[in-house]
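Biologist: Can you walk me through this model? Please keep it simple.

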Amino acid sequence: MSPLAPSARGSRLALLVVGLCWLAVLFDGLDMFIYGSVLPHLLETKTFGLTPGQAGDLGSYATFGMLVGALAAGTVADRIGRKKLMIGCVTLFSLASGICAISGSVAVFGVGRTLAGVGLGGLLPTAISMVSDYAPRGRGALVIGLLMTAHHAGGILSAYVAKWLVDPVGWRAAFWVCVVPLVFTPVLFRFLPESLSFLVAKGRTDEARALADRYEVELPAATGRKTAADRWDALIGLFRGGEWIQTLLYWLASFGGLLLVYGVATWLPTLMRTQGYELANALTFVVVFNLGGIVGMLVAGRAADRFGAPRISAIWFALTAAGVALLSVHMPMGVTTLVVFLTGVFLNSAQTMIYATVSIRSTPDNRATAVGWTSGMGRFGAVFGPWLGGQLLAAGHGGWGFTAFALAGVSSMIFIGIAALRTAKSGTPASSDQELVTAH
């Protein structure tokens, strides 16, 4: 048999890395969404004596863990490598789901969700870095968008797991399913290559060159490693002159965006139940919402390339707010399903467009810092969103849940819109190498 052409060997490696990372992110999405999918059952059966307020707290524990995991991911990956970190993250959130499955109290369940969040938060940015390393030239944004469809596919899977298992077997069975990814870790260990960028940065150039030559892929150029002083200077640079206003606008937009994303992800089935829909229909909405997310991820980049990421982000948030507000009204099933789908299309990619906006408006030397801190500040909104939904339900104002989330969408639309207008008036040149940065 004739050897593969160089391009075919490079494509084969890219397919291997993207495929393995896609499966890992699928499990990430399953574990992230499973709590929201079983939550209506937990509240209706008063499991652990769970109240809506406590349920909101539990949802925030996972997103707080994700904040910790995301912030620690870069440092840990620099020390042990992206491959080992990915394996560790999958192991952590799988075992943490086992803790939830055997828990006998709200406290133990909360520990499980917090630990799961740490693993979930560390996995996604690491997987994005891995596929970026091996993506074919000029296909980085497309590959990252494809990777993010796995997160929403996991959300779809979580709804079906809840529909198939919760009533006949019990809610614990759903969390046992989330332990299954543990058997995937040997596959990652055996077949996932280490990041070429990590190998080069660590001075393991022979190992990196051998891997690159084997699959005929380009070896990344060695770059000078930033010191702590360099990173601190890059952060200060976000506030020099009038840049502090722009930076705060991006942070506020990201806060509202992730409040909306994780608030809706946690409370969608429960809030739809309060609107009078049957549990099976409420879980169907989770499937439709995530199908919309997949479509949104595939079209957002193209729309941003044509019309500009800031403009698309503002429009997407406006449409998201309208869709979420409509969900507070009981409508015919077909109409509601369409609204849920369109809301999923715009909601899940609106936040991504904030990162894209920050990326193209930043200079190359501080782009990573700008995007990283915008994502980090936004994750405080991810913690606040699930808590807010729980507090509204606990106070008997569940009908205001969708309204509150819609207002968050309006605020993000305003902040990102003002930021875009200020940039246009100041004549700040946008970077020519626009890239789609995805960091839920």
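Modeller: Let's start with confidence. pLDDT is the predictor's confidence in each residue, from 0 to 100. Contact means heavy atoms within 4.5 Å. This is a predicted model, so local features need pLDDT of at least 70 and side-chain atom pairs count only at pLDDT 80 or more, while totals for chains, interfaces and linings use all residues. Residues are numbered from 1 along each chain as its sequence is written, and side-chain values use heavy atoms, with hydrogens and water left out.

Biologist: Where does pLDDT stay under 50, and how many contacts beyond four places in sequence are there?

Modeller: Residues 1-6 stay under 50, and the model gives them four contacts beyond four places in sequence. Residues 429-438 are also below 50, with 30 contacts beyond near neighbours in sequence. Where pLDDT is low, the predicted coordinates should not be read in detail.

Biologist: And what is the mean pLDDT of the chain?

Modeller: The mean is 85, and 88% of the residues reach 70 or more. Confidence is lowest in helix α10 (residues 228-237), at a mean of 66. Helix α6 is highest, at 97.

Biologist: How many helices and strands does the chain have?

Modeller: The chain has 16 helices and zero strands. Both are DSSP runs, numbered from the N terminus: helices are H or I with at least four residues, strands are E with at least two.

Biologist: What share of the residues count as buried?

Modeller: Of the 440 residues, 55% count as buried. Buried means under 20% relative accessible area, exposed means over 50%, and partly exposed is in between (1.4 Å probe, protein chains only). Among contacts between residues at least 6 apart in sequence, 83% join residues at least 24 apart.

Biologist: New topic. How many aromatic pairs are there?

Modeller: A search of the whole structure finds 14. Rings of Phe, Tyr and Trp (its six-membered ring) pair if their centres lie within 6.5 Å; planes under 30 degrees apart count as stacked, over 60 as edge-to-face and the rest as tilted. One of the pairs is Tyr 35 with Phe 109: the centres are 6.1 Å apart and the planes are at 45 degrees, so this pair is tilted.

Biologist: Where in the chain are Tyr 35 and Phe 109?

Modeller: Tyr 35 is in helix α1 (residues 6-44) and Phe 109 is in helix α4 (residues 106-134). Tyr 35 is buried at 3% relative accessibility, and Phe 109 is buried at 2%.

Biologist: What about Trp 171 and Phe 175?

Modeller: Their ring centres are 5.9 Å apart and their planes are at 85 degrees, so the pair is edge-to-face. Both residues lie in helix α6 (residues 171-177), four residues apart, or about one turn of the helix. Ring pairs link Tyr 35, Phe 48, Phe 109, Trp 171 and Phe 175 into a cluster.

Biologist: OK, charges now. How many salt bridges?

Modeller: The count comes to four. A salt bridge is a side-chain nitrogen of Lys or Arg within 4 Å of a carboxyl oxygen of Asp or Glu. One of them joins Asp 31 and Arg 113, with the closest N and O atoms 3.1 Å apart. Asp 31 is in helix α1 and Arg 113 is in helix α4, 82 residues apart.

Biologist: Is that pair of residues buried or exposed?

Modeller: Buried. Asp 31 has 0% relative accessibility, and Arg 113 has 1%.

Biologist: Which residue forms a salt bridge with Glu 44?

Modeller: Arg 273 does, with the closest N and O atoms 2.6 Å apart. Glu 44 lies in helix α1 and Arg 273 in helix α11 (residues 243-274), so the pair ties together parts that are 229 residues apart in sequence. Glu 44 is partly exposed at 45%, and Arg 273 is partly exposed at 26%.

Biologist: And how do Asp 206 and Arg 209 meet?

Modeller: Their side chains meet in a salt bridge, 3.6 Å from N to O. The two are three residues apart in helix α9 (residues 205-215), about one helical turn. Asp 206 is exposed at 60%, whereas Arg 209 is partly exposed at 40%.

Biologist: Last one. What is Thr 336 in contact with?

Modeller: Leaving aside neighbours within four places in sequence, Thr 336 contacts Met 272, Tyr 277, Phe 285, Leu 327 and Met 331. Thr 336 is in helix α14 and is buried, at 1% relative accessibility.
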